[in-house]
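Subject: Structure handover

Hello,

Here is the structure for you to look through. My notes on what was found in it follow below.

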Amino acid sequence: MTRAPANLLALRSLLLTHLDNAPGPDDLDPAEVGIVGDPDHRGGYHCGSDRVVVNDYSVVESPRDRAGLTLDAAALDVGQFEVRSGGRTHTMASFSVWCVAQCAANAADTRDIREIIYSPDGSTVKRWDRLGKRSTGDSSHRWHTHFSFFRDAIKAGRDQRPLFRRYLSSIGLLEDDDMTPEEHNWLATVHTNLTVLDGRNPIGQIYTRMAEGRDDTGAPVTGNWNLQAMTKQLTALQTTLNALAGKDFTDEAAIVQGVLASLTPEKIAAAIPPGIAKQVADELARRLVA
């Protein structure tokens with residue numbers, strides 16, 4: 001039978017964690033955030049393979065959906081709310097408009113979203129469709145917003161929370177975090193590879209500063225690590241590696257060889273998150289020209 005996949009359950013939990021019991025006259029209730037359609041629901045992204053219909057648009061219109069069809073539902077409904085944060089009032093309508101704007105701009109963390117059916121004013125119902133096939137929806141979307149996700153993304157278990165984290169951050173209900181899950185995974189890989197380094201040696205000291213969010217002087221870095229800050233620290237790390245590689249210290253040389261062996265160009269390229277790959281390429285190109 002149609003089931004709620006783990007990645008959409010995680011998204012549901014994120015929204016409820018921050019919008020349920022939020023300050024304001026109308027928080028978001030658990031009953032207002034749904035994934036699987038009711039037992040009579042047939043066809044569409046709220047249904048898995050046991051409930052789709054002949055020529056179901058949620059299957060036949062995109063190869064991503066055809067390839068990703070499983071028993072998992074691939075949609076999320078978000079009901080009405082009105083919360084106050086950052087000196088402003090935020091509603092289901094303003095939330096929907098913000099999400100649609102991100103999709104229309106083709107933000108990297110929106111590309112698994114097929115469509116959003118919503119009302120910007122509580123009266124008119126609109127549909128943003130990545131495939132450009134539809135532009136409206138039924139009147140029930142005056143009081144709830146519908147998100148459809150490409151089925152292959154759900155099947156792959158891809159995290160769908162980054163866009164919604166950004167929204168929660170933008171209205172002040174979640175500590176700002178610009179990093180994508182891929183970027184977090186990348187840093188976790190770096191951490192795993194470098195924890196063999198003793199914090200008392202120069203390499204470990206630089207890495208420890210990176211891990212703790214401190215700059216060269218030991219002062220805290222405000223905000224999140226961006227590419228510039230990471231590049232600066234990694235450049236210092238490479239300089240130290242190069243310096244140590246020229247010294248005749250058996251233990252240090254073994255450390256250097258071990259690190260360099262695990263950080264081949266192929267492995268580095270494979271580990272760089274898609275979200276910052278272009279930034280890295282642009283920065284490298286700039287340095288080569290300089």
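Arg114 and Asp129 are both buried, where buried means under 20% relative accessible area, exposed over 50%, and partly exposed in between (1.4 Å probe, protein chains only). Before the rest, the ground rules. This is a predicted model, in which local features need pLDDT of at least 70, side-chain atom pairs count only at pLDDT 80 or more, and totals for chains, interfaces and linings use all residues. Residues are numbered from 1 along each chain as its sequence is written, and side-chain values use heavy atoms, with hydrogens and water left out.

**Salt bridges**

Arg114 and Asp129 also form a salt bridge, with 2.8 Å between the closest N and O atoms. Arg114 sits in strand β5 and Asp129 in strand β6, so the pair links distant parts of the chain, 15 residues apart. The rule for a salt bridge is a side-chain nitrogen of Lys or Arg within 4 Å of a carboxyl oxygen of Asp or Glu. Helices (H or I, at least four residues) and strands (E, at least two) are DSSP runs, numbered from the N terminus.

How many salt bridges does the rule give? The count is eleven. Glu61 and Arg134 make one at 2.8 Å, N to O. Glu61 is in the loop between α2 (57-60) and α3 (63-68), and Arg134 is in the loop between β6 and β7, so this pair ties together parts 73 residues apart in sequence. Glu61 is partly exposed, at 23% relative accessibility. Arg134 is partly exposed too, at 29%.

These residues join up: Glu61, Arg114, Asp129 and Arg134 are linked in a network of salt bridges.

Arg161 and Asp159 form another salt bridge, with closest N and O atoms 2.9 Å apart. Arg161 has a relative accessible area of 26% and is partly exposed. Asp159 is partly exposed at 23%.

**Helix α4**

Which residues of α4 are buried? They are Met92, Ala93, Phe95, Ser96, Cys99, Val100, Gln102 and Cys103. Their cover includes strands β2 (75-79), β4 (88-91), β5 (113-118), β6 (126-129) and β7 (144-149), along with helix α6 (162-170). Just after α4, Asn106 takes a positive phi of about 60 degrees.

**Cysteines**

A search of the whole structure finds zero disulfides, a disulfide being a pair of cysteine sulfur atoms within 2.5 Å. For Cys99, the closest cysteine sulfur is that of Cys103, 6.8 Å away, so too far for a bond. Cys99 is buried at 0% relative accessibility. Cys47 is buried at 0% as well.

**Aromatic pairs**

There are seven aromatic pairs. Rings of Phe, Tyr and Trp (its six-membered ring) pair if their centres lie within 6.5 Å; planes under 30 degrees apart count as stacked, over 60 as edge-to-face and the rest as tilted.

The Tyr45 and Tyr57 rings have centres 5.5 Å apart and planes at 85 degrees, so that pair is edge-to-face. Tyr45 lies in the loop between β1 (33-34) and α2, and Tyr57 lies in helix α2, so the pair ties together parts twelve residues apart in sequence. Tyr45 and Tyr57 are both buried.

Phe95 and Tyr167 are edge-to-face too, at 4.9 Å centre to centre and 65 degrees between the planes. Phe95 is in helix α4 and Tyr167 in helix α6, so this pair ties together parts 72 residues apart in sequence. Both of these residues, Phe95 and Tyr167, are buried.

Ring pairs also build a cluster of Phe81, Phe95, Trp98, Phe147, Phe164 and Tyr167.

**Nonpolar core**

A nonpolar core is a set of buried Ala, Val, Leu, Ile, Met, Phe, Trp, Tyr and Cys residues joined through side-chain atoms within 4.5 Å. The largest one has 37 residues. Phe81, Phe147, Phe149 and Phe164 have the most contacts inside this core. Elements giving two or more residues to the core are α1 (6-19), β2, α4, β5, β7 and α6. Helix α1 gives the most, with six residues.

What does Phe81 touch, leaving aside its neighbours within four places in sequence? Phe81 is in contact (heavy atoms within 4.5 Å) with Leu19, Asp26, Asp27, Leu28, His90, Thr91, Met92, Phe95 and Tyr167.

Best wishes
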